[in-house]
Amino acid sequence: MRHVLTLATLSLGLASAQAAAPGALIIRFLDVGQGDAVLITSPEGKSVLYDGGRSEPRLQALLNLYNVQSLDLVAASHADSDHITGLIPAVRLFKPKFFLNNGLAGTTQTWNRLVTAAQQAGTQGLVARDQTINLGSVKLTVLAPPAGMPRNEQNLNSVGLLVQYGKFHALMTGDSETAETVGWLKKYPASALGPIDVYKSIHHGAKNGDNAAWLAAVRPRNVVISVGPNSYGHPTAEALALYKRVGATVYRTDREGTVTVVVQPSGQFAITTGHGPVVPANPPASRPAPVAPRPATPAAIPPTPAPANSGSAYYANCAAVRVAGAAPLLRGQPGYRPGLDRDGDGRACE
């Protein structure tokens with residue numbers, strides 16, 4: 001996927017000063033209740049907020065708690081309120097350069113307020129497409145909604161984000177449903193998607209989000225379910241069974257609070273939680289080292305047989321001359337000899 005998706009590069013050249021462990025990438029799956037919000041801070045202090053949950057005060061309090069000083073980009077996986085409400089104060093406070101979204105306007109007042117806030121902040125809209133965003137030493141690959149998704153379905157047009165830092169990979173896919181994951185699987189080879197070290201559960205563990213074929217490609221080692229009290233039954237037994245089947249360790253923000261992943265340049269990482277029992281993380285995924293193309297073995301070329309008379313051509317008779325396309329042979333040409341020139345006029349095998 002890395003080379004497939006890298007169709008355009010956008011560098012976030014801001015002099016951010018976000019607090020971050022030296023050399024470490026920090027990903028926080030924020031405890032925003034029933035909703036999604038992921039704060040990504042690169043070793044260079046550049047930050048992205050992917051979704052903002054459904055509560056402005058709660059998101060703002062979390063940004064204060066984690067001493068966020070700036071945001072370079074905010075991203076909405078899609079326009080549902082439980083994903084974008086908290087982006088409003090984030091945009092007002094930090095005036096990020098870019099607002100990444102799926103290009104489909106929401107139909108709610110929340111969406112309108114977010115757009116107004118972005119306009120007032122001078123934040124530039126950025127429609128998702130196959131693009132890579134450089135966040136310092138961290139690469140963000142945007143998974144745009146695949147072709148053919150109905151334009152009136154926000155979930156099916158969720159914007160995914162693949163986070164890469166050295167050997168570490170994390171993946172978030174909003175509220176995608178099976179049709180969108182099928183579209184992505186047609187577009188990206190499984191070897192490009194997984195294995196994923198830390199994966200955000202689709203749609204808070206809904207029944208119609210993650211599915212066996214998708215998880216077989218993604219191969220998540222650790223799954224974070226961003227979820228709160230709800231009447232939808234999230235996370236569903238079906239989703240939990242899928243995660244168990246692939247051997248993933250599961251974290252839930254409703255039980256463990258904010259889930260924090262600290263990634264070292266080596267790709268080693270640690271997962272801690274805001275509260276609840278310690279949940280040991282699955283270790284980093286083993287990825288095969290890139291195989292350098294090997295030079296092709298040259299085909300054996302049979303030796304060229306030496307001519308019977310290496311000094312000049314020799315033809316046994318005129319038939320051989322004609323087969324060789326050399327007729328007529330003129331006196332002085334290779335292969336000419338008087339025996340072939342019956343009339344002695346200097347033209348053999350006429």
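1. Strand S4 (47-50) has buried residues on both of its sides. Ser47 and Leu49 point one way, Val48 and Tyr50 the other way, and all are buried. Buried means under 20% relative accessible area, exposed over 50%, and partly exposed in between, with a 1.4 Å probe and protein chains only. In a regular strand the side chains alternate between the two faces of the sheet. Strands (E, at least two residues) and helices (H or I, at least four) are DSSP runs, numbered from the N terminus.

2. A note on the basis. This is a predicted model, in which local features need pLDDT of at least 70, side-chain atom pairs count only at pLDDT 80 or more, and totals for chains, interfaces and linings use all residues. Residues are numbered from 1 along each chain as its sequence is written, and side-chain values use heavy atoms, with hydrogens and water left out.

3. Strand S3 (residues 38-41) pairs with S4 in the antiparallel sense over four bridges. Two strands pair if DSSP finds at least two bridges between them. Val38 stands opposite Tyr50. The S3-S4 hairpin has five residues between the strands, and Gly45 takes a positive phi near 90° there. S4 and S5 run parallel and are joined by three bridges. Here Tyr50 stands opposite Ala75.

4. Now the whole sheet. Eight strands form an open sheet in the order S7-S6-S5-S4-S3-S2-S15-S16, with mixed pairing. Strands S7 (124-127) and S16 (269-273) stand at the edges with a single partner strand each, so one side of each is left without a neighbour in the sheet. The twist averages 15° from one strand to the next.

5. Leu100 has Leu126 of S7 as its bridge partner. Helix H4 (residues 87-94) packs on the sheet and touches S4, S5 (73-75) and S6; its direction makes about 165° with that of S5. Axes are lines fitted to C-alpha atoms, for helices over the stretch in contact, and angles run from 0 to 180 degrees between N-to-C directions. Contact means heavy atoms within 4.5 Å.

6. Ala118 is found in helix H5 (residues 109-121). At 5% relative accessibility, Ala118 counts as buried. Not counting residues up to four places away in sequence, Ala118 touches Val91 and Thr123. Ala118 and Val74 are 44 residues apart in sequence and 10.0 Å apart in space, C-alpha to C-alpha.

7. Helix H6 (residues 178-187) buries Glu180, Thr181, Gly183 and Trp184. Seen down the axis of H6, these buried residues fall within an arc of 155°, so they line one face of the helix. The arc is that of the directions from the helix axis to the C-beta atoms. Their cover includes strand S9 (138-143), strand S10 (160-165) and helix H8 (212-218). Thr181 has a relative accessible area of 0%. Beyond four places in sequence, Thr181 touches Ser176, Ile202, Asn211 and Trp214.

8. Gly205 lies in the loop between strand S12 (196-200) and H8. Gly205 is buried, at 0% relative accessible area. Not counting residues up to four places away in sequence, Gly205 touches Ile225, His234, Pro235, Thr236, Ala239 and Tyr243.
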